[in-house]
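I set out to look through this model entry by entry and to note what I looked up. The entries below follow the order in which I went.

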Amino acid sequence: MELFKYMETYDYEQMVVCQDKQSGLKAIVVIHDTTLGPALGGTRMWTYNTEADAFEDALRLARGMTYKNAAAGLNLGGGKTVIIGDPKKDKNEEMFRAFGRFIQGLNGRYITAEDVGTTVEDMDIIYQETPFVTGVSPAFGSSGNPSPVTAYGVYRGMKAAANEEFGTDSLEGKVIAVQGVGHVAYNLCRHLNEEGAQLIVTDINKEAVDRVVEEFGAKAVDPDEIYGVECDIFAPCALGAIINDQTIGQIKAKVIAGAANNQLRETRHGDAIHEMGIIYAPDYVINAGGVINVADELNGYNRDRAMKKVETIYDNIAKVIEISKRDGIPTYLAADRLAEERIERMRNSRSQFLLNERHILSSRTR
């Protein structure tokens, strides 16, 4: 990868490489865009095959956060951190204290949070060195477990997508196939069951499936069968890249709306389901409840305020569908356009403000 060429192509602002020999910290902090505000994005710890893979992941994830935060209507930019190491055996207190000091040195341009391979406990350690961290323990004023909030946002977004396809946002009587029933999907199933939806579920974890079957009257199927079941809505809530050449031909649902990240294996698969007439709720728009929730911590966490903001995911999915129809493009592209248009409006507003300020200063010096 030609690093500076890549950063210039996708308009990245800053990359910081951090190392602390004593603790073994090797971290890459990427700030993609701060037009809307300071960059917010989690810290991922992973055993990358090469350092180049770590750099590429950090860059990709940071840019994704810019779009996610912008589409969610947050006054925050996008950033991300990756720490190279095995989260099961390489963690220590010194590592996260050192990392916290590096974040503090960015003076608020970047705010971190929990991600794959990191925990609330890790965020608590970082918090000892810097206030620029979210997702800490509730004892420090945090919002706690984000799964129920993420699930509620997915539920709201699913209703918006359903309204477009079925002419009503009521999910009563709708058959909904849920792939994966982890923490987020369990709470999503609870909302769907309360509204009277019929659930078909699958997961490699039999205990998780049994729980949903017992509590919500769901029907269980094998993991490979979930794509082809007769249903109104397919809700991917497990692995990414599940919309691909092998699965598209099996899908019978009219709507795809779920919590999983990176659901399209390639962008061409987004084009394909658009041509099939399937309403797709782009993942980074519909699953933004978690980041909306932790972002509220920056103002002193208020759950009622956060949940009201999460409810607007319904409106955001509706806007994406509107742009899709307006511009004749698939919804995954419409989601990007929604984010880009908001960023561009703010960028133009700031440019005009600076021009006005310069004009005033010039007038005063004449």
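Entry 1, a histidine in a helix. I looked up His269 and found it in helix H8 (residues 267-275); helices here are DSSP runs of H or I with at least four residues, strands are runs of E with at least two, and both are numbered from the N terminus. His269 counts as buried at 1% relative accessibility, where buried means under 20% relative accessible area, exposed over 50%, and partly exposed in between, with a 1.4 Å probe and protein chains only. Leaving aside residues up to four places away in sequence, I listed Ile243, Asn244, Asp245, Ile248 and Leu264 as touching His269; contact means heavy atoms within 4.5 Å.

I am working from a predicted model, in which local features need pLDDT of at least 70 and side-chain atom pairs count only at pLDDT 80 or more, while totals for chains, interfaces and linings use all residues. Residues are numbered from 1 along each chain as its sequence is written, and side-chain values use heavy atoms, with hydrogens and water left out.

I placed His32 in strand S2 (residues 25-33). Is His32 buried or exposed? His32 is buried, its relative accessible area being 5%. Residues up to four places away in sequence aside, His32 touches Tyr10, Asp11, Tyr12, Glu13, Ala62, Arg63, Thr66, Gly78 and Gly79.

Entry 4, strand S8 and its neighbours. I found four of the five residues of S8 (residues 198-202) buried. S8 pairs with strand S7 (residues 175-179) in the parallel sense over five bridges; two strands pair if DSSP finds at least two bridges between them. Within this pairing, Val201 in S8 is the bridge partner of Val178. From S7 the chain passes through helix H6 (residues 183-195) to S8 in a right-handed β-α-β crossover, right-handed meaning that, with the strands pointing away from the viewer, the path from the first strand over the helix to the second runs clockwise. S8 is also joined by two bridges to strand S9 (residues 219-220), again in parallel, and Ile200 stands opposite Lys219 in S9. I recorded S8, helix H7 (residues 206-216) and S9 as a right-handed β-α-β unit.

How many disulfides does a search of the whole structure find? The search finds zero, a disulfide being a pair of cysteine sulfur atoms within 2.5 Å. For Cys231, the closest cysteine sulfur is in Cys237 at 12 Å, which is too far for a bond. Cys231 counts as buried at 11% relative accessibility, and Cys18 is buried with a relative accessible area of 2%.

I counted 13 helices and twelve strands in the protein chain. The radius of gyration is 21 Å, in agreement with the value near 21 Å for a compact globule of 366 residues; the radius is taken over C-alpha atoms, and the globule rule is 2.2 Å times the number of residues to the power 0.38. Of the 366 residues, 51% count as buried. Among contacts between residues at least 6 apart in sequence, 64% join residues at least 24 apart.
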